[in-house]
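Open the model in your viewer and keep the selection tool at hand. We will go stop by stop.

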Amino acid sequence: MAPPRVSRGKGPKSKHDSDRTLKRKRGEDELSSLAQKVEDLDLKATPKSFSDLPLSDPTARGLAASHFKTLTDIQSRAINHALKGRDILGAAKTGSGKTLAFLVPVLENLYRKQWTEYDGLGALILAPTRELAIQIFEVLRKVGRYHAFSAGLVIGGKSLREEQERLGRMNILVCTPGRMLQHLDQTAMLETNNMQLLVMDEADRILDMGFQKTVDAIVDHLPKKRQTMLFSATQTKKVGDLARLSLQDPEYVAVHEAAASATPSTLQQHYTITPLESKLDVLWSFIRSNLKSKTVVFLSSGKQVRFVYESFRHLQPGIPLMHLHGKQKQGGRLDITTKFSQSQHAVLFATDVAARGLDFPAVDWVIQVDCPEDSDTYIHRVGRTARYERVGRAVLFLDPSEEKGMLKRLEQKKVPIERINIKANKQQSIKNQLQNMCFKDPELKYLGQKAFISYVKSIYVQKDKEVFILKELKLEEFAGSLGLPGAPRIKFIKGDDTKERKNSSWKMAHLSGSEDSDGEGGAKTAKKDENQVRTRYDRMFERRNQDVLAEHYSKLINDDGTLVAIGAGNDAGEDADEDADFLSIKRRFAAGDDNLGHVDSDSDSDSAESGFEKKETKVVHLDGQDPLVIDSKRREKLLKSKKKLLKFKGKGTKLVFDDEGNAHELYEMEDEEQFKARGDADTQRERFLAEETERTRHADLQDKEVARDKRREKKEKRKARERALAEEEAGEEDGTGHGLPFVPFEIPGSDSASEGETEAPRPSKKQRVSFAEPHSDSEEGSRKKSNKGKQVAAQPQIETLADLEALASGLLD
Ligand code: ADP
Ligand code: MG
């Protein structure tokens, strides 16, 4: 814990100064009594309301102003452990208030450590999606509004440079892993040596495969001594995960572990058996009969989301439709989440980017058209409804082939789910309409094809083969239900098939080339079949449709999945077709890239050195290279220029000299006996690898250490400068709060400035931006940024997420 703030620099000289000293003294007393209360906290007690917890005044006021009074179970159990600095593994159902369970301790623990702008990054909060990070940031801003910390949102979508400047001065960062790592690697100003708290929301997701490398690299940047808190509705208990984060004797706070179900008790859950080919019909019928509801519909891929959204939009169901998937631009994604949050009645088609953590108010239904990949994903998806004591309903559409496997999985996870049947008279088929639309609109058909393929692929790559059985799906009918005239053919090429396909046209061209040069005689190899000539347009067309395996594409793939080399002239050579000289070779390149005539195979002439005689063709041997053919004046000239010849001469070999002055190759073969004497090759190799790994690891550590020292030194200097300046300024100003030279959530002053009131700009150069009431702080034009005189963007009205985002980017600009 940091020592209490001591007065820096000048002693009390005036009344002004002595006031400040008094205030500071009072502050110190409060702090030490707060610290004592935390010390005395009884960990067995289960506090009922926030006022039962030893919280600082700014946090308590922030919570009250956001209308949080009573504690939820997880908050009651986790916060007191966290206040004491323990590592936490928090598990509680969706919508049970986990966000505050970590935000309150983050604020409190930094507050008690008297974290200031000079201390840099104090807490890092990781979330798996941008939307969730934004949401956490918003809650942080709300409950932390009376604190003097600065907080930033790091989620990408902005230029790295823009963010870099500000990051070094942030106390709390809410971020997505990828972007954070980028900054840790590249932003010199960002110091993590001092960081106190690491939080992972939706921890099991952040720790799973997709983020593994990134998260490990992030953790590498962080100090070992820190408090770590993991929260999720489906918490990881894997020892490996905990070891990766080097948790210290973590407290496992699992409040609903003994509960009868893993999902909220206010959530009604159903499934219906809906064959794949009728899923869209059922979905449409559902939407049509629930026009006064707010619904989230989950599909398994972005392409499906797009297709269903676009086609349903054309059909005009009579309720606003929205869609959300990972490939959308960030701005669009934000607008959509905001719009959906504010809508009373709407349908949001989404991929699993929306599955975790998002707290859309008052969602009535969660429909899972495509089966979730596992029971955890199911739990998170349905968790978008029935949040915090509200009711909600969820329906899962299961293909008959998925029923048995999926129900088993859900049962294992304690998910109570009942079967319902769709009333036949309520069902409406949109198949014909979709077919009509696809027929008229090639774009839509194209989307449909993509949706089909991505769905089939998604089933193909699913790990749980008990649930996802590709061969049991009626794909032809499914394609029909999307309005497609037939199922696009899909071949699964072993290994990385996408790559394979992407490179296919190139490969073919390549293949044909090499085939040619091997061809007998070599002078001319021609295609015999006119059909096999591929034009540039053919190839372009193939490339555009690499995912849509239309007929012409599937022709390129044999039934066993190998590529057919079209145009390769497999059986060429029998007779040359003059028309097909498109890819044939007229002249062969013997050496270099200049045009050369064809080589006499026996032109092994010995007149290499005196190679200026004007023969038709002549071959010059330069050391180490293919013979150089001289058959033109240009070539002859070339022989006169040493510089040009260098190109054909091969590089010299590097030699080393021993003590006696004898030259040796850089790498020489050692005596076999000697080699064997040292053990067999495998063990030697292993030993060598181990030694080298150790050496590089060591060197790496040293490098990092040096780099870190340098950065630290630089930062110290900067801090010292700033501190000196700040103190000078503090002398001129009333000492309420610590005006931060960057944008924090701020105390609107311990003086009488009521919240929400427009705060008159202070005379100080320091920034004091009040986030007090989101709708009222339209003050603050641009102000000078501390001593550097930089401008900071105006604080706009904050009503929507888009505003928030603009603000967040303002913070980081
Ligand atoms: P989780 O992360 O567990 O899914 P959230 O933290 O998103 O849940 O909270 C779900 C909802 O419950 C949010 O709308 C939040 O405002 C509300 N909430 C959380 N804690 C409290 C509380 N103590 N009192 C009232 N509402 C709360
Ligand atoms: Mg959450």
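The tour visits a ligand, then a pair of helices.

This is a predicted model, where local features need pLDDT of at least 70 and side-chain atom pairs count only at pLDDT 80 or more, while totals for chains, interfaces and linings use all residues. Residues are numbered from 1 along each chain as its sequence is written, chains are lettered from A and ligands numbered from 1 in the order in which they are written, and side-chain values use heavy atoms, with hydrogens and water left out.

**Stop 1: ligand 1**

Select ligand 1. Around ligand 1 are 16 residues (each with a heavy atom within 4 Å). Thr70, Gly95, Lys98, Thr99 and Asp359 are the closest. By class, 8 are polar, 4 nonpolar and 4 charged. (Ala, Val, Leu, Ile, Met, Phe, Trp, Tyr, Cys and Pro count as nonpolar; Asp, Glu, Lys and Arg as charged; the others, Gly among them, as polar.)

Now show Asp359. An N or O atom of its side chain is 2.5 Å from an oxygen atom of ligand 1. Next, Thr70: a polar backbone atom there lies 2.7 Å from a ligand nitrogen.

How much of ligand 1 does the protein cover? It covers 84% of the 560 Å² of accessible area that the ligand has on its own (Shrake-Rupley method, 1.4 Å probe).

**Stop 2: helices α4 and α2**

Select α4, residues 98–112. Helix α4 gives the largest share of the ligand shell, 3 residues. (Helices are DSSP runs of H or I, at least four residues, numbered from the N terminus.)

Finish with the contact residues (heavy atoms within 4.5 Å): Pro58, Thr59 and Leu63 of α2, with Leu100, Val104, Leu107, Glu108 and Tyr111 of α4.

Technical notes
Axes are lines fitted to C-alpha atoms, for helices over the stretch in contact, and angles run from 0 to 180 degrees between N-to-C directions. Helices (H or I, at least four residues) and strands (E, at least two) are DSSP runs, numbered from the N terminus. A polar contact is a pair of N or O atoms within 3.5 Å; within protein, one must be able to donate a hydrogen and the other to accept it, and residues adjacent in sequence count only if both atoms are side-chain atoms.
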